[in-house]
Amino acid sequence: MSALDIVRVGYVKELLAKGQREDSRGMLDFRNISIKTGIIDHAEGSAQVDLGNTRVLAGVKMVVEEPKPDTPNQGNLVMSAELLPLANADYETGPPSPASIELARVVDRGIRAGNCLDLEGMFIEEGKAWSAYVDLYILNYDGNLFDACELAAMAALASAKMPGYKDGAADYTKREKPAKINSIVTSTTFGKIDNKVALDMTGAEESAADGRLTIETDGKIIRAMQKGLSGGFSAEEINGLIQESFKKHAELRKRIEESIR
Amino acid sequence: MGSSLNKPELIVNGKRLDGRDFGELRPIKIEAGVLKNADGSAYLEWGNNKILAAVYGPREATPKHLADPGKAIIKCRYQMAPFSSLGEHNRTGPNRRATEISKVIREVFENVVITSDFPGSEIDIFIEILQGDGGTRAAGLTAASVALANAGIKMKDLVYAVSAGRIGDHVTLDFDMIEDNYSDADMPMAIAPRNNELLLLQMDGGLTIEQFDEAVKMAIGAGKTISALQRDALKRVYETKVSQ
């Protein structure tokens, strides 16, 4: 962190102690959300999400592969995240960091547990099925990568079109049916900073946070959760945040659906 | 959650496959101070899980640029042995799953270890799953807690961990491997017994908010048993030392 960042983190902490935020939002408000799909023509699906100053790009490639031995009648979903060095002064090149692995796995779990992508429908024939490779590219970091990536992955998948299939291989000259989506999962990530809880933390707020909790839901039930950082949450606190997450789902879902049309 | 293909019946006549009730833990045995070289260690059997945890440190932090002049840093490595699962041979070394588990376990101990006592140093926690049968992260974390205490490292609390989830309509405690593979939701938790705060929480599958509450209650209930076993393991080490 630069000297300026340290000052900003201190400022953010002082504000949060008073229940205020650096951008005047309420404690349980999201920043402005923009979702654009169809950004990368060569990808079967893509979406760019801007969440305040955080920007992520998700790209989906559909590949014909042998199904996994434990799911011989299903396609496959492969999620990875790249914290690109161009996104933040603190990101470095090299093998995937624990933070990027956690990010990709948490987004993957919600979408998989919600059965969002119809993996059974991605079976083609004996020994052949579609694999959806979802790559989450972090382009600019200003906090809350979890929710930004969840929106981007979901919008990219929901807007994806399947390539053709000919003679046992993908035919990328054709884009035929849309990928089949069974449900839409959205996530809300809360931070705990000196016992105050805030939704959608900025980068400075994340630097000040003691604890972090991501709740992923399809609007009916909880699909995945992940607590991060060293700070803890009580069961009562989590119960309240689950209810908040259910409330936020409708709006987030609407934004994803609007981005596809 | 595993494939729906060949899904076995996990509940027969209102009992689980191994005869347990929904809220019943598997048998747990903990022994502290089992490795000579380590500063602290523990061996734990939890059902068919066999787990070794060892702690080295506080010792000088390496590489030097990682050292924090204000506190000790904690490193954690959770790993499954290549021979630990019933199926195929696993590759050695951390995969993506193990990397994530190591990270969330490290964050739990960053909460409870009083790191400000040891500026510039590191505390290494090694968790080796010798035999895995579901719930290894919870069992490994429970063992690591004992190993840290055995190393004489000051902590705010002796954390325990346990997993709860859902099979059909039943909220269920402590899945073994087959339940883990075919359950409808799984939620590992680590809890600080002094205030019941959740320090590790992961979940996937599907839970209603009522099922979430029930699962947490079940975990806290089971925590009394687990905590007692942890303390007992530590007491035995020092009682033996005194009697010698």
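How many salt bridges are counted between chain B and chain A? The count is four, a salt bridge being a side-chain nitrogen of Lys or Arg within 4 Å of a carboxyl oxygen of Asp or Glu.

This is a predicted model: local features need pLDDT of at least 70, side-chain atom pairs count only at pLDDT 80 or more, and totals for chains, interfaces and linings use all residues. Residues are numbered from 1 along each chain as its sequence is written, chains are lettered from A in the order in which they are written, and side-chain values use heavy atoms, with hydrogens and water left out.

**View 1. The contact between chain B and chain A.** Chain A brings 37 residues and chain B brings 29; contact means heavy atoms within 4.5 Å. About 2,700 Å² is buried, 57% of it from carbon and sulfur atoms. Buried area is the accessible area (1.4 Å probe) that two parts lose on being put together, summed over both.

**View 2. A salt bridge between the chains.** Glu197(B) and Lys192(A) meet through their side chains, at 3.5 Å from N to O. Helix 1 (96-112), strand 11 (197-207) and helix 4 (209-243) of chain B each supply at least two residues of the side that touches chain A. Strand 11 gives the most, with 11 residues. Helices (H or I, at least four residues) and strands (E, at least two) are DSSP runs, numbered from the N terminus.

View 3. Strand 12 (residues 222-228) of chain A runs antiparallel to strand 11 of chain B, joined by four bridges. Strands pair if DSSP finds at least two bridges between them. Gln226(A) stands opposite Gln202(B).
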